[in-house]
Amino acid sequence: MIVETMTALALEFENVTKLFTADKKVVDKLSFSVREGEFFSILGPSGCGKTTCLRMISGLEKPSTGVIRMNGKVVNDVHPHKRNVHMVFQKYALFPHLNVFDNVAFGLRMKKRPEREIRDRVTRMLKMVSMEDYAKRSIQQLSGGEQQRVALVRSLVNEPAILLLDEPLGALDLKLREQMQQELATIQKQLGTTFIFVTHDQWEALTLSDRIAIMNRGKIEQIGTPAEVYEQPNTAFVSRFVGTTNLFKGKLIAASNGICSIQTEEAGLLHTRLEDGRLPPPEGVAVGLVVRPEKIRIRVTSPSHSPAAASAPANGGVLIEVGSGAAITAAPSVAVAPQPSINVLRGTLLERTYFGATTQVRLKINDQLPPLIALLANQAATKMPALKVGERYYAVWDAADSVLVQDA
Amino acid sequence: MEPTAFTKQQKTPAFIFPSLGWFIFFLIIPLGIVVAFSLMHKGAYGQIEYRLDLGNFARVFEPIYLKTVFRSLLLAAFTAGTCLVLAYPLAYLMARSGDMLKKLILALVIVPFWTNFVIRIYALKLVLGENGLINQLLRELHLIAAPLQLTDNLIGVGIGMIYNYLPFMVLPLFVALDKLDFTLLDAAYDLGASRVQMALKVLLPLSLPGIVTGSIFVFIPAFGEFVIPDLMGGSQSMYVGTLITETFLKSRDWPFGSAMSTLLVLMAMVSFVIVLSRASRDPAAREMRGKRAEAGPVHV
Ligand SMILES: Nc1ncnc2c1ncn2[C@@H]1O[C@H](COP(=O)(O)OP(=O)(O)OP(=O)(O)O)[C@@H](O)[C@H]1O
Ligand SMILES: [Mg+2]
């Protein structure tokens with residue numbers, strides 16, 4: 001599945017399965033690989049097996065079946081201390097009886113490095129995270145962000161080939177988290193260490209990673225760059241887990257010229273364009289159609305009455321036209337798209353939330369569908385008439401902007 | 001620390017008066033009487049003459065009594081040490097096991113307290129006796145020909161002391177280990193520590209408060225113990241506790257007995273002060289304070 005490139009593989013999982021009890025596969029036939037120097041994230045809901053993966057990489061747990069390789073060598077039976085892998089724990093796990101310096105020096109002391117070398121390396125690391133003045137402080141006197149930095153360099157000072165980070169930012173408040181994300185990215189680039197970063201925060205994974213693996217119930221649902229997993233989710237789960245999404249379930253009834261037509265129970269016939277080179281699934285199969293809120297445009301008139309609007313650019317620019325009231329009342333409650341290249345739905349505006357740069361609206365199509373969510377770029381008031389709660393509007397998006405997913 | 005509603009409060013709340021009264025009447029006053037007696041003179045017929053006599057304290061330091069004190073210290077140290085070695089693995093197991101097993105072991109540790117102490121010691125004496133359970137079992141298994149002498153000697157005293165004081169060591173150790181974050185051990189292992197290094201560099205320093213508390217809980221009462229040596233040791237040797245009882249009841253030398261008691265109490269108090277002053281420096285106490293600080297808002 002993953003294209004082999006010339007860059008060395010720091011880590012490979014091949015059909016790795018882990019069971020703690022006979023009846024539950026915590027990690028189920030996992031296969032993936034991580035390139036050297038990559039910032040690789042594992043994203044998934046709580047309990048999906050992320051920490052277990054990291055513990056198998058570090059050697060704290062052994063896989064039940066399957067093979068783990070590092071730099072091409074099988075490490076299943078290599079002692080954890082011989083793997084050159086270190087872990088930043090979920091709640092830092094800093095030693096409360098040692099000060100900042102001694103915490104960072106712990107690994108080097110275990111390896112019996114000369115005291116002089118320890119002092120140099122620890123000091124250099126503390127400097128890197130601007131903590132050199134905190135060396136003598138006790139752990140309890142540090143803020144959450146400072147503890148985080150100490151935990152990070154306590155691992156990094158040992159110069160691991162792979163650094164495992166288990167939700168390292170989970171305990172921090174939002175502002176601090178964003179700041180630490182930046183620091184983490186900078187440090188990773190600077191040192192070139194392979195990072196395997198576990199999180200259940202989608203935005204964190206999207207902004208930080210070179211590639212993301214999305215895990216669900218012990219399995220990987222998709223691996224790809226942030227743009228790939230966001231724009232082209234493979235499964236309904238991925239689309240729901242990464243970003244906000246509108247999902248329609250239905251049956252594939254026709255596929256021609258890259259356009260798939262899906263008959264949905266709640267929203268009628270919808271269309272989507274397959275990415276180039278992707279083969280359509282067999283007709284009649286249950287699929288889902290996913291459209292991101294920012295791809296949806298809101299209109300006052302039906303696009304079929306206004307050919308100019310239908311040819312509007314699909315680059316997210318929002319066009320809202322004030323139309324005549326007569327045209328609106330004439331339209332059916334669920335509009336069928338006039339041509340397969342766009343989708344049109346009609347519904348009542350439930351809610352409008354102003355976010356500054358954007359406005360989110362929720363449109364009630366009918367009783368069966370959850371409200372459609374659209375994210376509109378805010379423009380000058382003259383270009384953008386006020387949307388009124390309770391009024392009926394059209395939601396329009398291009399077939400090419402929606403994605404076909406499996407297992408809806 | 002920030003003054004809270006409680007620390008700021010100046011007036012003594014009324015609800016502490018009953019316990020305060022209890023302490024004054026049943027602890028402070030009797031202790032005062034003992035200290036007063038220790039400074040007085042013993043009359044010819046065992047009565048107390050109300051004049052100052054510092055000789056009682058001087059007598060405590062006579063070799064024969066010092067030997068007894070030393071023997072008691074040895075017994076207390078042996079009891080505390082052995083209990084520590086036996087209790088630590090048990091407490092560790094309890095702290096790491098699941099909720100059910102944890103509660104079960106805890107119950108087993110506490111259950112003996114439901115029976116009267118003296119009855120328990122007599123029962124133990126029977127179990128260890130010549131025709132007791134242990135000797136019978138060993139004979140049935142043909143491991144021994146003649147019964148082992150397990151009571152009325154030092155072995156009996158040792159077994160009795162450990163049996164009786166083990167829970168006082170297990171409980172504080174369990175409390176210390178139970179609140180320990182065991183991912184710290186994973187972290188140490190991840191950083192290259194061996195099992196021994198994990199124990200010495202992480203587990204030991206972090207459970208030190210429990211070790212100190214447990215040792216004090218065992219050492220101090222074991223030092224003054226007189227029932228167990230009396231019942232389990234035959235009439236072989238004298239311990240401080242026995243000595244004091246006999247001084248009061250047999251030789252009727254109340255001032256000398258009071259002097260010895262006063263010194264015992266003094267020793268206990270000194271060791272408590274040492275422990276308390278340590279407690280303010282110990283890592284677990286610091287950790288608790290850290291936890292509280294964490295709960296507050298984080299300033300960037
Ligand atoms: N040592 C263990 N023994 C038995 N079950 C375990 C053990 N470790 C983990 N599990 C189970 O395996 C599953 C996955 O756990 P894991 O810690 O890997 O999840 P996670 O993805 O890291 O979740 P979170 O985001 O909450 O940290 C959970 O159901 C957990 O109860
Ligand atoms: Mg986890």
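Predicted model: local features only at pLDDT ≥ 70, side-chain atom pairs only at ≥ 80, totals over all residues.
A:Ser58 sits in helix α1 of chain A, and its side chain reaches the backbone nitrogen of A:Leu60 at 3.3 Å. What does A:Ser58 touch once we ignore residues up to four places away in sequence? From its own chain there are A:Pro80, A:Arg83, A:Val85, A:Met87 and A:Leu164, and from chain B there is B:Asp190.

Chain A puts 29 residues into the contact and chain B puts in 24. Between them they bury about 2,300 Å², with 65% of that on carbon and sulfur atoms. Which three residues supply more of chain A's buried area than any other three? They are A:His81, A:His97 and A:Met110, and they account for 26% of the area that chain A buries against chain B.

Now back to helix α1, this time for the ligand. The helix spans 50-58 in chain A, and α1(A) gives the most to the shell around ligand 1, with 3 residues. Strand β2, at 24-35 of chain A, also supplies at least two residues. In total, 13 residues surround ligand 1, and the closest are A:Lys24, A:Ser46, A:Gly47, A:Thr51 and A:Thr52. If you sort the shell by type, you get 3 nonpolar, 7 polar and 3 charged residues.

For those of you who like distances, here are some involving oxygen atoms of ligand 1. An N or O atom in the side chain of A:Thr52 is 2.5 Å from a ligand oxygen. For a polar side-chain atom of A:Lys50 the distance is 2.8 Å, and for a polar backbone atom of A:Cys48 it is 3.2 Å. As for cover, the protein takes up 62% of the 640 Å² of accessible area that ligand 1 has on its own.

Last stop, over in chain B: is B:Asp253 buried or exposed? B:Asp253 is buried, at a relative accessible area of 7%, and you'll find it in the loop between α12 (240-249) and α13 (254-279) of chain B. Its side chain makes a polar contact with the side chain of B:Arg59, at 2.9 Å. Leaving out neighbours within four places in sequence, B:Asp253 is in contact with B:Lys42, B:Arg59 and B:Thr247.

Thanks, everyone, and do ask away!

Methods: Residues numbered from 1 in each chain as written. Chains lettered and ligands numbered in written order. Heavy atoms only, no water. Near = heavy atom within 4 Å. Polar contact = N/O pair within 3.5 Å; in protein donor to acceptor, adjacent residues only side chain to side chain. Areas by Shrake-Rupley, 256 points an atom, 1.4 Å probe, with all protein chains shown as cover. Helix = DSSP H or I, 4+ residues; strand = E, 2+ residues; numbered from the N terminus. Nonpolar A, V, L, I, M, F, W, Y, C, P; charged D, E, K, R; others polar. Buried < 20%, exposed > 50% of the residue type's maximum accessible area, 1.4 Å probe, protein only. Contact = heavy atoms within 4.5 Å. Buried area = accessible area lost by both parts, 1.4 Å probe.
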